Amino acid sequence: MDFQEQQKKFEELKNQFAQLNTVFDETMKKNKFSEEDLKIDENALSSEEKQAWEKIKSDVQNSAKAHANDSAPNQSSKAGIGRRNAIRL
């Protein structure tokens with residue numbers, strides 16, 4: 001990946017981040033949440049709430065991993081790299 005491709009990808013990620021921040025802010029306003037509402041004491045949750053919370057956390061982690069794998073550059077072929085005087089066909 002050359003520098004221009006990296007810059008382009010970086011700009012795309014910045015735009016995506018800004019969009020996600022906007023969606024987050026709109027959701028907070030729509031549901032009338034405050035910063036205090038986001039602070040959760042996991043020890044104070046009931047067992048049913050803990051199970052639901054763990055499921056949500058694992059779903060988010062799996063989604064993030066899947067998205068990271070989808071957006072990762074595919075560099076499976078490294079043939080000829082580091083081989084001096086090799087002629088690629």
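User: Before we start, what do buried, partly exposed and exposed mean here?

Analyst: Buried means under 20% relative accessible area, exposed means over 50%, and partly exposed lies in between, with a 1.4 Å probe and protein chains only. By that scale Lys-14 is partly exposed, with a relative accessible area of 40%.

User: And what sort of model is it?

Analyst: This is a predicted model, in which local features need pLDDT of at least 70 and side-chain atom pairs count only at pLDDT 80 or more, while totals for chains, interfaces and linings use all residues. Residues are numbered from 1 along each chain as its sequence is written, and side-chain values use heavy atoms, with hydrogens and water left out.

User: How many helices and strands does the chain have?

Analyst: The chain has 2 helices and 0 strands. Both terms refer to DSSP runs numbered from the N terminus: H or I of at least four residues for helices, E of at least two for strands.

User: How far does helix 1 reach?

Analyst: Helix 1 covers residues 3–30, which is 28 residues, and reaches 40 Å from its first C-alpha to its last. That is close to the 40 Å expected at 1.5 Å a residue, where the expected span is 1.5 Å times one less than the number of residues. Just after helix 1, Lys-32 has a positive phi of about 55°.

User: What share of the residues is buried?

Analyst: Of the 89 residues of the chain, 1% count as buried. The chain exposes about 8700 Å², and carbon and sulfur atoms supply 52% of that area. Accessible areas come from the Shrake-Rupley method with a 1.4 Å probe; for residues, only the protein chains shown count as cover.

User: Changing topic, how many salt bridges are there?

Analyst: A search of the whole structure finds 4. A salt bridge is a side-chain nitrogen of Lys or Arg within 4 Å of a carboxyl oxygen of Asp or Glu.

User: Which residue does Lys-14 meet?

Analyst: Its side chain meets that of Glu-11 in a salt bridge, at 3.4 Å from N to O. Glu-11 is partly exposed, with a relative accessible area of 37%.

User: What about helix 2?

Analyst: Helix 2 spans residues 47–71 and holds both Lys-55 and Asp-59, 4 residues apart, about one turn of the helix. Their side chains form a salt bridge at 3.0 Å, N to O. Lys-55 is exposed, at 51% relative accessible area, whereas Asp-59 is partly exposed, at 39%.

User: Are Glu-36 and Lys-39 buried or exposed?

Analyst: Both Glu-36 and Lys-39 are exposed, and their side chains meet in a salt bridge at 3.3 Å, N to O.
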